[in-house]
Amino acid sequence: MRKFFVPVFVITSLLLGCSKSKTSNVTPTQTASVTTYVGNGTAGLVNAPGTGAELNLPVDITVDQSGNLYVTEQGNNDIRKVAPGGSVSTFAGNGTSGYVDGAGATVAEFNVPEGIVIDDVGNVYVADSQNNVIRKITPAGLVSTYAGNGTKGYVDGPAASAEFNQPNGLAIDKSRNIYVTDFFNNVIRKISSDGTVSTFAGNGSPGLTNGPSGTAEFHLPSGITIDGSNNLFVAESVNSDIREITPSGDVSTFATGLNGPVRITVDGSDNLYVTTSANIIQKVTSTGTVSTYAGNGTPGYNDGSLLQSEFNSPIGLISNFQGVVIVADYGNDRIRVVTP
């Protein structure tokens with residue numbers, strides 16, 4: 001039985017636009033649709049172009065400045081790389097569940113990798129959830145432990161002695177500070193660029209309390225993203241909401257009424273796109289209005305028009321300035337593209 005840990009048509013220019021921090025030169029197609037970019041639906045580890053590739057429970061996704069996608073896979077315990085045009089390779093992880101640093105695709109081991117982000121010089125960071133650490137992968141594929149000592153717990157301080165409890169989503173700002181949804185600790189952690197780990201928001205008690213950083217409460221926070229003004233947005237499935245955290249740490253509820261939000265991304269107009277446990281992609285405008293962006297809510301696999309398409313436990317996603325969204329369709333073992 002496959003474990004669910006919840007909680008070749010795309011041109012280079014499309015991929016280059018799939019992050020708010022990247023320059024976009026995308027011209028979206030005139031037909032709104034959901035299409036398959038890579039993966040043939042068979043769970044496996046096959047490196048090949050487009051739909052010839054096989055993925056195994058793709059979880060989260062990020063993109064570099066050259067338009068390469070990086071995808072965490074829980075079924076293969078690795079990070080796959082998708083070049084512009086759709087050619088898939090293994091970037092890091094030898095496919096064995098474990099905790100080993102070293103050369104990317106031959107030595108390194110991960111254990112249920114979750115969130116993934118990339119900095120401006122091409123270093124990739126992964127929330128290695130079951131190892132309770134944040135890993136770093138250089139552009140050359142060398143894997144090391146960036147923060148956390150591997151012990152499940154809740155300890156702030158220097159990176160090497162810090163403790164996490166199933167780190168989940170990641171976001172990174174322009175100063176290379178990394179923000180982590182520390183799932184079972186019910187807090188948002190910050191790893192500063194010098195490696196110091198601190199609690200950025202939340203008091204550790206599960207709940208729904210807004211206010212200053214030290215008194216706010218979260219309940220199993222999962223997805224997280226950051227806008228151009230360094231405001232953080234956090235998806236909480238239990239609370240069915242999106243919380244906003246200002247740069248100073250003040251927490252408020254940005255939107256309610258979502259259907260089990262899992263992961264979240266932001267476009268160039270500050271619209272949010274959210275994957276949900278209801279198998280739909282929801283959109284939240286900059287004023288907090290919630291609507292269905294793609295998916296009919298039936299768990300399945302169907303490309304086509306936005307609201308007739310079907311997803312199966314979609315998780316990670318990224319978006320560009322025009323609202324093109326690339327989705328890690330976890331249960332379908334595919335990467336899908338939503339074109340407005």
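**Close-up views of strands and hairpins in a predicted model**

**View 1. Val-82 and Val-88 face each other across a strand pair.** In this predicted model, Val-82 has Val-88 of strand 5 opposite it. Strand 4, covering residues 78–82, is joined to strand 5 by four bridges, and the two strands run antiparallel.

View 2. The strands follow the order 2-3-4-5, with antiparallel pairing. Strand 2 (58–63) and strand 5 (88–92) are the edge strands; each has a single partner strand, so one side of each remains without a neighbour in the sheet. From one strand to the next, the twist averages 30°. Strands of a sheet pair through backbone hydrogen bonds.

**View 3. Ser-33 is a buried residue of a strand.** Ser-33 belongs to strand 1, residues 33–38. The relative accessible area of Ser-33 is 14%, which is under 20%, and therefore the residue counts as buried. Leaving aside residues up to four places away in sequence, Ser-33 touches Gly-304, Ser-305, Leu-306, Val-337, Val-338 and Thr-339.

**View 4. Strand 21 and strand 22 form a hairpin.** Four residues lie between these two strands, and Asn-279 in the turn has a positive phi of about 65°. Four bridges connect strand 21 (residues 272–276) with strand 22 (residues 281–284) in an antiparallel arrangement. Within this pair, Val-274 stands opposite Gln-282 of strand 22.

**View 5. Strand 22 and strand 23 also form a hairpin.** Here five residues separate the strands, and Gly-288 in the turn shows a positive phi of about 95°. Strand 22 runs antiparallel to strand 23 (residues 290–294), with four bridges joining them. Val-284 has Val-290 in strand 23 as its bridge partner.

Methods:
Residues numbered from 1 in each chain as written. Predicted model: local features only at pLDDT ≥ 70, side-chain atom pairs only at ≥ 80, totals over all residues. Heavy atoms only, no water. Pairing = 2+ DSSP bridges. Axes fitted to C-alpha atoms, helices over the stretch in contact; angles between N-to-C directions. Buried < 20%, exposed > 50% of the residue type's maximum accessible area, 1.4 Å probe, protein only. Contact = heavy atoms within 4.5 Å.
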